[in-house]
2 protein chains.
Amino acid sequence: MTASRIPTDKKTWLYQMLADEIARLIEAGTFRKAERIPSVRNLSRQKKVSISTVQQAYFLLEKKGLIEARHKSGYYVSDRRRTGLPEPEETSPRPDPTRVSVHELVMMVLQDAHNRDLVQLGPAIPSPEVFASKKLNSTTISLIRELGGQTLGYEMSPGSRELRVQIARLALNAGCDFSPDDIIITSGCTEAMDLALRAVCRPGDTVAIESPTYFGILQNLEALGLRALEIPTHPREGVSLDALRFALEHQPVRACLFVPNFNNPLGSCMPGENKKELLSLLNEFDVPLIENDISGELYFEGERPRATKSFDEQGRVILCSSFSKDLCPGFRLGWIVPGRSAEAVTRLKFSASLATATLPQLTMARFLAGGGYGHYLRRIKRAHKHNISAASRAVKLAFPKGTQVTQPSGGYLLWVKLPDTVDSLELYKAALKSGITIVPGPVFSARRQYRNFIRLNAASWSRPKEEAIARLGRIIEELSG
Amino acid sequence: MTASRIPTDKKTWLYQMLADEIARLIEAGTFRKAERIPSVRNLSRQKKVSISTVQQAYFLLEKKGLIEARHKSGYYVSDRRRTGLPEPEETSPRPDPTRVSVHELVMMVLQDAHNRDLVQLGPAIPSPEVFASKKLNSTTISLIRELGGQTLGYEMSPGSRELRVQIARLALNAGCDFSPDDIIITSGCTEAMDLALRAVCRPGDTVAIESPTYFGILQNLEALGLRALEIPTHPREGVSLDALRFALEHQPVRACLFVPNFNNPLGSCMPGENKKELLSLLNEFDVPLIENDISGELYFEGERPRATKSFDEQGRVILCSSFSKDLCPGFRLGWIVPGRSAEAVTRLKFSASLATATLPQLTMARFLAGGGYGHYLRRIKRAHKHNISAASRAVKLAFPKGTQVTQPSGGYLLWVKLPDTVDSLELYKAALKSGITIVPGPVFSARRQYRNFIRLNAASWSRPKEEAIARLGRIIEELSG
């Protein structure tokens, strides 16, 4: 649980203890993979606790991916742990808001993002070899030849209509039915989030975020003088709605800024039902949601997960996204669908940058109209899926006992929990000396939690990266020894 | 005078009356061009006012460009009025700050900026034929061929080092001695100003601006919830330092945001001495200056006017500029030199947009390194100078008696005062019906002053524009009739 981690009463304490005990039994092999565990009634009798305490303990274990309920048959030890390493648990950040100060830490991590002498397992920068670079570049050249000086004029906000038409078409996959007029082109998703926060918050306001969350979001909050309220988040199912409800009841939350699809660094993807429930919760408390959907297209299997925005009937959700994680970061092309905040966002975009660069807009519009995006996307997602599983295997082989790693169903990031004794900032420094860059966990938390976590970028994979993981494993052994 | 327009005492009233009387005599031809007017002592005796009252009246007339002092020889009627139409006087905005609300008005004016069916005398968008488009486009194509997918990766803030080196070299012409590390690349001058304002102001703060000023600056203030304090500004010499001192003494001014070189729409260019005095005034009151130098390179004669920043020894000036008015608006390339606000601006840029588009940065860096900028700039400035003088002549021929027009020494804008009876918003609408777009005066004022002013864009000139001015003249006659 979640709101549970906010110590409220004896019962909370009881079911957490119970869940921990069962987790230990599973880890020790007392209960084995796919085996049935005691029924709720039996365990309640055996441990002399209430039925509801056992239910809450099982609910917690289920959320951690350790057990699963089977219809009319009880609870079983989960068989989902593909890499053989357990997943990290739902997080338990502190329940009060805080000022944010991560900029220096982020700068430290980003400084080596372009250093070709290092093995890049750090910043989540897509690898150039996965961009649709040939097609994008040839499209740019054709446009220059056709249009000449016109490619150098302003393309005033809201931006190229043809590009907005193409984005509206793409959004259908996310369940969203936009008119091109609903969309404003931005300088990447970063500008979109900055505009959204400026539209709905004032300095000093509290914004609820996932914990952990993308450090760029923390930088947004820091720059705007906003306070972060970190909400417990599950590595598969995303933000805890119980904890969020608790927060909304007890804190003056001005807005939520979530990454429901393939959260960075967790890789969590909120089920559709949770998205609906999230929205009804926000409707109840009249709080806007800034939804960052930058990785929504990067699912490995089945259907594209819907955007929370697709369930929004009140214009409550401000959708922010970009092409920086799938097609091309250097174009700095993103968009915002501001819903009921349209007027404020429109003004702010004019004030913030007047217009987004012209040639990238024209190029992207033509690239998308040409229909190559789907094909290209399948190619990079195949690569990501392969790389994620190769990276997981490498971690399993090289990292010490007690390591936990996420099993994301999309994206290209792994979130790794190391033994408690490892300080990831020390690991970061030692890895750098060994020619490897990673991202230490505290960068993803306003309170610099996740001291023994790291994020690995598996956007591309290679022999040197495999060797780097092995080397990291040895460094971790030394640091934890 | 200026602070004088803030009615304080009888003396102020006296010297304004005196100045008005002499102005009427000059207009009536009683005192003719290049003729000597009565000495200070004589007039003092004749009018039974103090020496200092006459001195102030003469100072005022001098500022208006109606008379000029000759060394050891007295005052003469000015011979500077090249178009034969007088220049507008120094402005006299209201002396208290106000909230800003110009967005709708600006949107109205901008909506037709790209309408090719209209004669474009409106938005200050450089004409595509004056861009260095061939060279920029061929540079883009070469870079794509050389670098391939690399042109699509991030070029993280502070931006391309090579581009910052080139900008530091250019800044030498403005008297500034920057290291590339002092410079942060932005998405145009608009983002630079937004970052600067966010670094030094909080919502509700008062910012001193020139009156009139560029509407984009008013949009910046509006979006950030800042109050505008409009300072009297002279069409040649820029902001009135007396009035500014008065304002600093009586209002809680948090920052100044000025365009000292070729202010838009006035075309005023502050003399170097005034810039020094401005800076010592700001040092005295400990107020930062956000300096927009976007048109500084567009001088017609002699030396490039220095940036106020070049006199700054305390890191007090935040310099903002871009290539949007001389080379290429569609690249969205600007820069900021934040001085002592470097830390805040660095954070804000990361939060605002992380990076500026890559290919435009690389292209511009190579274009500048190739050395074609100076040659190109001479070409467009020749064109601007020619166009400004053609447009002035056309206005003189077509517009009714009582029209006043600026005589800028750089840039490509004319600021025209029409007879009092003309409402420029009505004129705007009537002109639009007649296929012409202009910018009405109220767009340039937080209080929507300048009701009978318009701004004309003479970045390019052509027979249809000449005819449009003639048509405008007839419409004005009708409206003032």
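Chain A has 15 helices and 17 strands in its secondary structure; helices here are DSSP runs of H or I with at least four residues, strands are runs of E with at least two, and both are numbered from the N terminus. This is a predicted model, in which local features need pLDDT of at least 70 and side-chain atom pairs count only at pLDDT 80 or more, while totals for chains, interfaces and linings use all residues. Residues are numbered from 1 along each chain as its sequence is written, chains are lettered from A and ligands numbered from 1 in the order in which they are written, and side-chain values use heavy atoms, with hydrogens and water left out.

Now the overall form of chain A. Along the principal axes, its C-alpha atoms fill a box of roughly 80 × 50 × 40 Å. The radius of gyration of chain A is 23 Å, which agrees with the value near 23 Å for a compact globule of 481 residues. That radius is taken over C-alpha atoms, and the globule rule is 2.2 Å times the number of residues to the power 0.38. Of the 481 residues, 64% count as buried. Buried means under 20% relative accessible area, exposed means over 50%, and partly exposed is in between, with a 1.4 Å probe and protein chains only. Among contacts in chain A with a separation of 6 or more, 76% are between residues 24 or more positions apart; contact means heavy atoms within 4.5 Å.

Next, helix 8 of chain A, residues 215–223. Eight of its nine residues are buried, so this helix is largely enclosed by the rest of the structure. The buried ones include A:Phe215, A:Ile217, A:Leu218 and A:Glu222. Just after helix 8, A:Gly225 has a positive phi of about 65°.

On to backbone exceptions. Most residues other than glycine have a negative phi, and most peptide bonds are trans. Which residues of chain A does a cis peptide bond join? They are A:Ser157 and A:Pro158, with omega about 10°. A:Pro158 lies in the loop between helix 5 (133–147) and helix 6 (161–171) of chain A. A:Ser157 counts as buried at 11% relative accessibility. Beyond its neighbours within four places in sequence, A:Ser157 is in contact with A:Ile184, A:Lys349, A:Phe350, A:Leu354 and A:Ala355.

In chain B, a cis peptide bond joins B:Asn264 and B:Pro265, with omega about 15°. B:Pro265 sits in the loop between strand 9 (253–258) and helix 10 (272–285) of chain B.

Two non-glycine residues with positive phi. A:Lys48 has phi near 55°, in the loop between helix 2 (40–47) and helix 3 (51–63) of chain A. B:Arg332 has phi of about 50°, in the loop between strand 11 (317–322) and strand 12 (334–337) of chain B. Are they buried or exposed? A:Lys48 counts as exposed at 75% relative accessibility, whereas B:Arg332 is buried at 3% relative accessible area.

Last, a helix pair in chain B. The axes of helix 13 (residues 373–398) and helix 15 (residues 463–480) come within 9 Å and cross at roughly 30°. Axes are lines fitted to C-alpha atoms, for helices over the stretch in contact, and angles run from 0 to 180 degrees between N-to-C directions. The two helices of chain B are therefore roughly parallel; that label covers angles under 35 degrees, with over 145 roughly antiparallel, 65 to 115 roughly perpendicular and the rest oblique. B:Ala394, B:Val395 and B:Ala398 of helix 13 make the contact with B:Ile469, B:Ala470 and B:Gly473 of helix 15.
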